[in-house]
Amino acid sequence: AVMSLLECNNLIEILSRVPPGHLRAVCRASPESMVQLLSHIEPDKVREMLIPMLLEPQSVIDGSLVPVLAKVQEPIRLAKIINLVD
């Protein structure tokens, strides 16, 4: 369900660039949060912001990104912040 929200080119780029362990860790976060986040991120921001976040060291993914995704009450707010970054 989560991956169907992404444009094909963004999906291909994520799968080719992001290490599998990083994807597994993020997928363990709240699936509902991921769906809301991905469904509200502008397609061009996937390459500009989301992929670089997913390329952080595994310790950052596990210690910071996953806990935020798992605990955030309004994932759409995160998407709005990501969309605003130039």
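Angles under 35 degrees count as roughly parallel, over 145 as roughly antiparallel, 65 to 115 as roughly perpendicular and the rest as oblique. This is a predicted model, in which local features need pLDDT of at least 70 and side-chain atom pairs count only at pLDDT 80 or more, while totals for chains, interfaces and linings use all residues. Residues are numbered from 1 along each chain as its sequence is written, and side-chain values use heavy atoms, with hydrogens and water left out.

Here are two helix pairs. Helices are DSSP runs (H or I, at least four residues), numbered from the N terminus. Axes are lines fitted to C-alpha atoms over the stretch in contact, and angles run from 0 to 180 degrees between N-to-C directions.

| Helix pair | Packing angle | Axis separation |
|---|---|---|
| α3 (residues 31–40) and α6 (residues 75–84) | about 30° | 8 Å |
| α2 (residues 20–28) and α5 (residues 58–71) | about 20° | 9 Å |

With that angle, α2 is roughly parallel to α5. The contact (heavy atoms within 4.5 Å) joins G21, H22, A25, V26 and R28 of α2 to Q58, I61, D62, L65, V66 and L69 of α5. Sorted by class, these are 6 nonpolar, 3 polar and 2 charged residues. Here Ala, Val, Leu, Ile, Met, Phe, Trp, Tyr, Cys and Pro count as nonpolar, Asp, Glu, Lys and Arg as charged, and the others, Gly among them, as polar.

Now for the other pair: α3 and α6 are roughly parallel too. On the α3 side, S33, Q36, L37 and H40 meet P75, I76, L78, A79, I82 and N83 of α6. This contact has 6 nonpolar, 4 polar and no charged residues.

Which residues of α6 are buried? They are P75, A79, I82 and N83, where buried means under 20% relative accessible area, exposed over 50% and partly exposed in between (1.4 Å probe, protein chains only). Seen down the axis of α6, these buried residues fall within an arc of 100°, so they line one face of the helix. They pack against α3 and α4 (43–54). The face of α6 turned away from the buried side carries the exposed residues R77, K80, I81 and L84.

Q36 is partly exposed, because its relative accessible area is 32%. Setting aside neighbours within four places in sequence, Q36 touches P75 and I76. The C-alpha atoms of Q36 and I76 are 6.0 Å apart, although 40 residues separate the two along the chain.

Terms used: The arc is that of the directions from the helix axis to the C-beta atoms.
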